[in-house]
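Hi everyone, thanks for making time for this.

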Amino acid sequence: MADLAGSRHALPYVLNLSMVFTELPLLERAEAARAAGFTAVEFWWPFETPVPGAAEVDAFVASVEKAGVAVTGLNFFPGDMAGGDRGLVTWTGREEEFAHGIASAIELGERLGCRRFNALYGNRLDGADPAEQDKLGRENLALASDAAARIGAEIVLEPLSGAEKYPLKIAADVLKVLDELGRDNVKLLADLYHLAVNGDDLDTVTTVHTGRIGHVQIADAPGRHQPGTGTLDIEGYLEKLQTAGYRGQVGVEYDPAGPSVESLSWLPFERRGLA
């Protein structure tokens, strides 16, 4: 994989449309991404319920197909993100809802050709036994793994910052879950922003654990804005990932400081359509 002029690596970028272009309605974002030069995008779960109506799903699929972009990543339904929820994987009492959400996401992924799904682990619940939550987590991740395997897809599990009750803070927390689960198609989502904010050793993550990474996402730190607004050596870490053998995509998942189009000026236009 040869380096491109002006860049220290040649990893392809995909634009996260649940963070960027959010000044536009959901169904207009894929076209905006394509106009900005991207050929691949990713979303969180783009609906408010785990099982959206057929018309709502059809309209979403049509907006993506009209734009001519690939969808390479989706989240499973995470609960009420605005209200503080961070996934249903370990949420006792919502097992049926999680299962329905898996089925919906896999069906949507099959229609779109998406083969990567982010399963947010879930917060610790007041009064619940963490060990029991983790046991449920393994059962639910196994269910998700089996469902994803049926379409040749993989699951990624992500450390998060800014969520006190979310137990997966650094890469080692996720790797422990993966070791206990033992599924080849469940991997680490290495979001360099979250890991940096939580004090993880990014040199180790990007050089030692590369083989266990299913996806990478970026935002600068502090602030979670576009590269160049903070102090994180994003290019350097992406270079280390490539050197260590990572050949996946890089999700551009930041909160734009300013209009989305202008916030993308850090990435040359010719680097946006390589995915």
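Let's start with glutamate 110, which is partly exposed, with a relative accessible area of 49%. On that scale, buried means under 20% relative accessible area, exposed means over 50%, and partly exposed is in between, using a 1.4 Å probe and protein chains only. Before I go on, a word on the ground rules: this is a predicted model, in which local features need pLDDT of at least 70, side-chain atom pairs count only at pLDDT 80 or more, and totals for chains, interfaces and linings use all residues. Residues are numbered from 1 along each chain as its sequence is written, and side-chain values use heavy atoms, with hydrogens and water left out.

Glutamate 110 sits in helix H3, residues 95–112. Helices (H or I, at least four residues) and strands (E, at least two) are DSSP runs, numbered from the N terminus. Which residues does glutamate 110 touch, leaving aside its neighbours within four places in sequence? Those are Arg115 and Ile151, where contact means heavy atoms within 4.5 Å.

Now the strands. Strand E5, residues 154–157, is covered on both faces: Glu154 and Val156 are buried on one side, Ile155 and Leu157 on the other. E5 pairs in the parallel sense with E4 over 3 bridges, and with strand E6, residues 186–191, also over 3 bridges in the parallel sense. To count as a pair, two strands need at least two bridges between them in DSSP.

How do we get from strand to strand? E4, helix H4 (residues 130–149) and E5 form a right-handed β-α-β unit, and E5, helix H5 (residues 171–181) and E6 form a right-handed one as well. Right-handed here means that, with the strands pointing away from the viewer, the path from the first strand over the helix to the second runs clockwise.

Moving along, E6 and E7 pair in the parallel sense over 4 bridges, with aspartate 191 opposite glutamine 217. E7 is mostly covered, with 6 of its 6 residues buried. Parallel to E7 runs strand E8, residues 250–252, joined to E7 by 3 bridges.

On a 1 Å grid over the protein atoms alone, a cavity is a set of points where a 1.4 Å probe fits but cannot get out, a pocket is an open set with protein on both sides within 12 Å along at least five of seven lines, and lining residues have an atom within 4 Å of a point. Grid points are joined across faces, edges and corners, and a volume is the space filled by probe spheres set on the points.

How many cavities of 30 Å³ or more are there? The structure holds 1, and the largest cavity has about 70 Å³ of space. Its lining has 13 residues, with Glu42, Gly73, Asn75, Asn118 and Gln217 closest to the centre.

The largest pocket has a volume of about 270 Å³. Of its 17 lining residues, Trp44, Trp45, Pro46, Phe47 and Met81 lie nearest its centre.
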